[in-house]
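Jotting things down as I go.

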Amino acid sequence: MTADMTEAIPTPVLQAVGLSKAYGRVVALDDADLELYPGEVLGVIGDNGAGKSTLIKCFSGAVIPDSGEIRIDGEAVHLRTPSDSMAAGIETVYQTLAVCPALDIGTNLFLGRERRKPGILGSVFRMLDLGGMREAARKEMSDLGLLTIQDMSQAVETLSGGQRQGVAVARAAAFGQRVIIMDEPTAALGVKESGRVLQLIRDVRDRGIPVILISHNMPHVFEVSDRIHIHRLGKRVAVVTPKSHSMSEAVAIMTGAVQSDMTDEEMARPAAQLAA
Amino acid sequence: MSNPEDYRREPASAEASAAAVVGEISEHDRQDPTAVQRIQRVLHRYPALGPLVFLVVMLAAFSVMSDRFLQPFNMSLIIQQVTVVGTLAIGQTIIILTAGIDLSVGAITVFVSVIMAKLSADYGVPGIAALLVGFSFGTACGLLNGLLITRLRLPPFIVTLGTLSVFFALNLYVSASTTIRGSDMDPLLTTTAGKQGSILVPIIDTPIPLASLGMIAMYVIMSYILRYTAWGRHIYATGDDPEASRLTGIKIDRVLVSVYAVAGFIYAIGAWFLMGRIGAASPQSGLGYNLDTITAVVIGGTSLFGGRGVVVGTLLGAIIVGMARNGLSLAGFDPLWQDFTIGVLVIVAVTVDQWIRRVSA
């Protein structure tokens, strides 16, 4: 965009332009921007109450912004419900996981978009293809290296924390056609399980689907992110890369100890063009 | 629980694969389940198993206590006695599965029966038309409950407590508190039971009322719907975790409204069966059905907290209640012990449910 930039900036897959959202007098988002470019993992960090979750929920259709615009591949879209967002190919792994504990793995994976049997059983008797969905669930779980769970008809509440996380991630990976958003995916996990989720994030990116990773865990963010979006007081204050900044520098910007002097244009650059 | 003898590292043991919950990551944290845990898991997976086992035990006990108990005539009597409650309890089940409750079952049922009877007896409306109006009216009553719950964000307990009184008062107004005799109505409205309304079932050589057969058919249909259709799965999901359901794209308000409306329709069918059973439409009957349906649902293993249970369990629950009353009476106990027993059963059932819900990895 700037005169000295020779490389063209690609169209962001997902973009927030000037999003604002207030809950009564509490301003959660204040003219917030975000760009997610093809093939990247974008880390999003920020202190508690900085508005990260609200920003993410605007993308997943769980929160409707008061003003501002969300663009997918450059086109403005209105994401009024979670279904709108999912229909646009955006899948979210919520911090709460959003799985139904009493229901089985196969049902959870396809909840809200069940497959019906072909032919008259499906069209007239509305019969679901339970076997087919279970089979697809098994395949998805095994693609993610989670096949130690053998029985797709077992209830999610009988799984360990890491396995539940796996179910939520598998659902996102199975249906995320465009973007996958993960909100604190390693918060409840041990070291090994976290490592597996981080590997999953890289795998998903390598399959060509960009990922937004929200986390408080700086080592995790710095390990997998191509760019790191730093959110403070409801807006973006800097975008750094693991190469350009150390963790402590990023935390200093995040907490306000250091003021970032980045311009909006600089913050909107893809990783390759961010000054090293 | 933490017996060190049970500690095994090898995941290939038969017990481990039977439990089928052992993940590679946390393998070393796990132990094989104890016998009690295994029972807990089986009950968790098959919520109707508990009531089924109890029913069989009770059947055996009563057949020892009284030789009349197991005779086809007596079995047929029990089925007839549970038909109305059993039918209404299907509606109560799908509502409780959404973590709701319906206290207006009895009021809707009686109100619908009065409307059907009055249309036929006082206004000469053909039986089939009176039935259809009644079915629509029951559905509308349920729909009203559902709309009040979702639009005003009121707890189902409060909404249906209110509509219980409202529907019952309107029912008294419409009927002028007067019973309408079956002989004044179109026969269609009352021939779901009795001599004309029964079919001789060959193997047991005993007449079974059409209403009872209708009830069983409704259980089969509802079992299919809950297990094999998206709407059925969404009922469980909504009751289990409404916020998670919303985030996965389920329109939970739409699910709730439709569940209350369908329950209202089921109550209207129950109202039809009720007129066959008592051979009249009585505006004072039926308030007991509120608690009787909840009792059947709870004894049938469905959780009052929503999301868990099967409708077949409710049928077993209704039969358990009917059989307990019948068996205790045949065995010569004072009727007060019937209520005592059913009260104990309810508490036991809820305790077992709480225990099953604590199952974990």
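Ground rules: I'm working on a predicted model, where local features need pLDDT of at least 70, side-chain atom pairs count only at pLDDT 80 or more, and totals for chains, interfaces and linings use all residues. Residues are numbered from 1 along each chain as its sequence is written, with chains lettered from A and ligands numbered from 1 in the order in which they are written.

Sheet. I looked up the strand order in chain A and got an open, mixed sheet of six, E6-E7-E8-E3-E9-E10. Strands here are DSSP E runs of at least two residues, helices H or I runs of at least four, numbered from the N terminus; two strands pair if DSSP finds at least two bridges between them. E6 (90-93) and E10 (235-240) of chain A are the edges, each pairing on one side only. I then checked E3 (41-46) against E8 (211-214) in chain A: they run parallel, with four bridges. A:Val44 has A:Ile214 as its bridge partner in E8(A).

Helices. H6 (161-175) of chain A packs on the sheet, touching E6 and E7 (179-183) of chain A. Contact means C-beta atoms, placed from the backbone, within 7 Å.

Interface. I see 33 residues of chain A in contact with 27 of chain B. On the chain A side, H2 (82-87), H6 and H7 each supply at least two residues, and H2(A) gives the most, three.

How values were computed: Two residues are in contact if their C-beta atoms, placed from the backbone, lie within 7 Å. Axes are lines fitted to C-alpha atoms, for helices over the stretch in contact, and angles run from 0 to 180 degrees between N-to-C directions.
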